[in-house]
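Here is a short briefing on a chain and its nonpolar core. Look at the sequence and structure first, then read the points below.

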Amino acid sequence: MSESIRIIGDRYQLGQAIGYGGMAEVYLGTDLKLGRDIAVKILRPDLARDPVFLNRFRREAQSAAGLNHRNIVSVYDTGEDEIEQGVGKVLVPWIVMEKVEGYTLKQILKSGRKISPERALDITSGILSALEFSHRNGIVHRDIKPANIMITQHGDVKVMDFGIARAVTDASATATLSNTVLGTAQYLSPEQAKGETVDSRSDLYSTGCVLFELLTGRPPFTGESPVAIAYQHVSEMPPITSTINPEVPVTYDPVVQKALAKTSAERYQTAGEMRADVELLLKGFAPTQVSSARDIDKTQTMSPVTPSEKTEKTMTKSRVGLIVGGAAGAVALVVGAIMLVTTLINPSPVTQVTVPDVVGLTIDQANTNLIAEGLILGEVTYQVAPDRPENTIISQNPGKETEVNKGTAVNVVVSKGKGQVQVPDLVNFASVDDARQALYAVGLTLGPVTFEDSDKPENTVLRTDPPAGSVVNEGTAISVVVSSGKVKVPNVVGMSENDAKNALKGFVITIIYEESDVVTAGTVISQTPAGDVQVEPGSAVTIVVAKTPSDATEDPGDPNG
C-alpha cells in the first residue's frame, strides 16, 4: 500500500503496518465515523489484478462475512479502493475487522509458558466451536495453526483467517498464485500434503496437530524441510502425547490419535463430535467417539522419520508442490492482536424474508429449511430438556414468522434430552448449601434433606442417595443425609465413678451420692438422661453414685429393765 494512501472507504484511517504475508498487508486503524480501533487487511495489488481470483474471492467473502460467532473475530466492513500500481491503477479490496487485544497461540508457545492439559482441552474446545459453526455454513478453514488462533486478555479463543484458504484453493491454477502456500507444513492434513481435495475433516486433523502441540510443546511432526514434514503427515504415525508429557492423562491419547488419523474416514466426522469428546475429558469422563480410532501403540518411535533423498525426489509436485513452492512464505500473517480474514462483499439491496418455525426439528432439518428461505443456521447451544426429544430444537432466535434481512443467522437451542452425569462425592461437606452448590455445578439438584444423629458436627453431609459415583440423568434430585449434631449419652449405670466421668467427657456432669446397702460403694446407680438418649453436645448429665450406709446408733435399752 502506498504511503500516500492513508484513508480508505472515506472513513478508515490506516496506522502502523503490523503484518505482512504472501497475500496481504495488515494495518492498525481507526474508524473515523465511530471513533473505534480496528484492523484493516488489504489484498496484495498483484493478486487483485487476477479476475479469476478476485471473483472467487468475492463469492467466498459473502460466506465468511456471515460467520458471526463468539469464537470468530467479527468482520465490520469491506470495500475496494483504487491505488497506483506500476503504470496504472488497480482496484484493491480490503476488509475491516474487529481488533482483538491478546496473543496468538504461536506467541504463547514460543514464550515457553506452560499450558496445563486441562487448559489445552479448553482452548481446543473453543477452536472446535468456531469450526463447527463455520463448517455448518460451508466454510472450510484449511489453515488451522497456532498463529491463526488468538487468546484474548480474558482467556477467550478467537480463530482467525476464515475464508481465505478456500478462496486461494479455488484460484490455485492461476499464475498469480503459483507461490502461495495453502497451510503451514507442521499442521497440514495428509490430503493437503498430497494436493488432494479437502473437506471439513482436514480442519479436524489440523486441530489435532494444534492440540498435540498444546499438550507436548511441539508439533506431531518436525523436519528439516516442508517436504520432510509433509512425508511424515502422509506416512508416519504420530507419537503418543502422554509418553512425551507424563502430565497428560492417558485418556487424552485416543482423542488426539483419532483426530490425527491418516484418512479422513477414520477421523472425527464433524467438529461437534470431536468437541463432545473434548468436553467429556474436561468433565473427567471417558470419550465416547473413539471406538473407531486406531489402536495406540505406546512403543512406537517418538522421533520423526525424515524421508530419504529418493523419497523426496519421487514425491510429485501434485503432492507437495504447494508446500515447496511457497516454503519461504509458509509462515503466513502473524498479527498479534487481530483476525486475518480476507473477505470482500459488495453492498446489495436488502431483501426481507420470513423466519420459518424450526422448533421441534433436528439441526439438519432446520438447516435445510433456513437455507430454502435465504437464511443461515447461527449459533447452536444445548441444554437439558428431559421432556423434549434429544437433538431437537426447543427454541429459536429470531422467532418464527419474524421479518428479517436475507442472510440473517438464526440461533437455536437444542435439547440434550436427559444428559448423563456422575453424582459428586459430598460426604463431609460442611453444610447443605455447600452440597447444593456442588450438585448445581454438575447439572443436578438438591433433593430431600434428612437428619441423622452422628458424632459429626451439625449439618455435615453423611451420605447421598444415589451414592457418589453413580451415573444419573442431568437434573436429577439427589437426596442428602446430614448430621443432626446430636450425640448419644453413654450408658454409665454399673460403672465406677471414675469410669463414668471418663465416658461422659464433653457433658456437664452432676454427681449425687446416695447410701446403698445393695450396690457397691462408688458404683453408678442411675443416670439422667438415660443411656443412649440423643442430646445436644455439652448437655447436663446427672449420675447417682452409691456410698456406704452410716452405722445406726445402738439402742441402750431400758436401764430399769
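**Confidence and core of the predicted model**

The chain has an average pLDDT (the predictor's confidence in each residue, from 0 to 100) of 79, and 78% of the residues score at least 70. This is a predicted model, in which local features need pLDDT of at least 70 and side-chain atom pairs count only at pLDDT 80 or more, while totals for chains, interfaces and linings use all residues. Residues are numbered from 1 along each chain as its sequence is written, and side-chain values use heavy atoms, with hydrogens and water left out.

**Confidence along the chain**
- Helices (H or I, at least four residues) and strands (E, at least two) are DSSP runs, numbered from the N terminus.
- Confidence is highest in α7, at a mean of 97, and lowest in helix α13 (residues 317-325), at 37.
- Over residues 167-182, pLDDT stays under 50.

**The largest nonpolar core**
- A nonpolar core is a set of buried (under 20% relative accessible area, 1.4 Å probe, protein chains only) Ala, Val, Leu, Ile, Met, Phe, Trp, Tyr and Cys residues joined through side-chain atoms within 4.5 Å.
- The largest one has 44 residues, and L105, I127, V210 and L214 have the most contacts inside it.
- Elements giving two or more residues to this core include α3 (105-110), α4 (117-136) and β8 (149-152).

**L105 and I151**
- Beyond four places in sequence, L105 is in contact (heavy atoms within 4.5 Å) with I123, P146, I149, I151, V210 and L214.
- I151 lies in strand β8 and is buried, with a relative accessible area of 8%.
- The C-alpha atoms of I151 and I123 are separated by 8.5 Å, although the two are 28 residues apart along the chain.

Conventions: Buried < 20%, exposed > 50% of the residue type's maximum accessible area, 1.4 Å probe, protein only.
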